[in-house]
Amino acid sequence: MHQIDTINKLLKDELSATETYQQAIDKLKDDVGLGNAETLMPVFEGHKLAASSLEEEIRTLGGIPAENSGAWGTWAKIVQGGVNLFGKTAALKILQEGEKNGTEDYEKILLDHELPAAVRTLIETKLLPAQQSHLNTLNELLDTAAA
């Protein structure tokens, strides 16, 4: 049960990320001059894939995957507000902070010695490297926005 709860927490993080990126992409598409919506699409798709992979692991362990981000959905609202009030750079920084938090969550969960081997492998070989790639994308976008 502990492992399922732990993986469901990661799943909620990923569901929150997909909601957040969807809102940010929609807003960036709507506002001419904010741009970068296309650059964020692979990150959005990466989070959708991560969520799907975690759902599969939860089912394999006999659990029921979370269906929504719950309280974690607050990130989506923060990003939307950031884009509306402060513009693209603030929204990108909020997304960057979310990616950093996600990376920390994955790293922390890897310290759990009871983590099933398949989940550990998924995190080490796919999910954590994807998080780093997402951070790199956001860093590049922020560098471009600052220039």
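Colleague: Which residues are buried in helix 2?
Modeller: In helix 2 the buried ones are Ala37, Leu40, Val43, Phe44, His47, Ala50, Ala51, Ser53, Leu54, Glu57 and Ile58. Buried means under 20% relative accessible area, exposed over 50%, and partly exposed in between, with a 1.4 Å probe and protein chains only. This is a predicted model, where local features need pLDDT of at least 70, side-chain atom pairs count only at pLDDT 80 or more, and totals for chains, interfaces and linings use all residues. Residues are numbered from 1 along each chain as its sequence is written, and side-chain values use heavy atoms, with hydrogens and water left out.

Colleague: Thanks! How many residues does helix 2 have, and what does it span?
Modeller: Helix 2 covers residues 37–60, so to speak 24 residues, and reaches 35 Å from first C-alpha to last, close to the 34 Å expected at 1.5 Å a residue. The expected span is 1.5 Å times one less than the number of residues. Helices (H or I, at least four residues) and strands (E, at least two) are DSSP runs, numbered from the N terminus.

Colleague: What comes just after helix 2?
Modeller: Gly62 does, with a positive phi of about 90 degrees.

Colleague: Stepping back, how many helices and strands are there in the protein chain?
Modeller: Five helices and zero strands, giving the pattern α-α-α-α-α along the sequence.

Colleague: And what share of the residues is buried?
Modeller: Of the 147 residues in the protein chain, 48% count as buried. The chain exposes about 7800 Å², and carbon and sulfur atoms supply 54% of that. Those areas come from the Shrake-Rupley method with a 1.4 Å probe; for residues, only the protein chains shown count as cover.

Colleague: Back to helix 2. At what angle does it cross helix 4?
Modeller: Roughly 30 degrees, and the axes of helix 2 and helix 4 (residues 88–109) come within 14 Å. Axes are lines fitted to C-alpha atoms, for helices over the stretch in contact, and angles run from 0 to 180 degrees between N-to-C directions. Helix 2 and helix 4 are therefore roughly parallel to each other. For the cut-offs, under 35 degrees is roughly parallel, over 145 roughly antiparallel, 65 to 115 roughly perpendicular, and the rest oblique.

Colleague: Which residues meet there?
Modeller: Leu40, Val43, His47, Ala50 and Leu54 of helix 2 meet Leu95, Glu99 and Tyr106 of helix 4. Contact means heavy atoms within 4.5 Å.

Colleague: Which residues of helix 4 are buried?
Modeller: Among them are Leu95, Glu99 and Tyr106, along with Lys88, Ala91 and Ile109.

Colleague: How do helix 4 and helix 5 pack?
Modeller: Helix 4 and helix 5 (residues 117–146) pack at an angle of about 160 degrees, with axes 9 Å apart. That makes helix 4 roughly antiparallel to helix 5.

Colleague: Now Glu107: where does it lie?
Modeller: Glu107 lies in helix 4 and is partly exposed, with a relative accessible area of 42%. Glu107 and Leu128 are 21 residues apart in sequence and 7.9 Å apart in space, C-alpha to C-alpha.

Colleague: Last one, where is Asn68, and what does it contact?
Modeller: Asn68 lies in the loop between helix 2 and helix 3 (74–86). Leaving aside neighbours within four places in sequence, Asn68 is in contact with Lys12 and Leu15. Asn68 and Lys12 are 56 residues apart in sequence, yet 6.4 Å apart in space, C-alpha to C-alpha.
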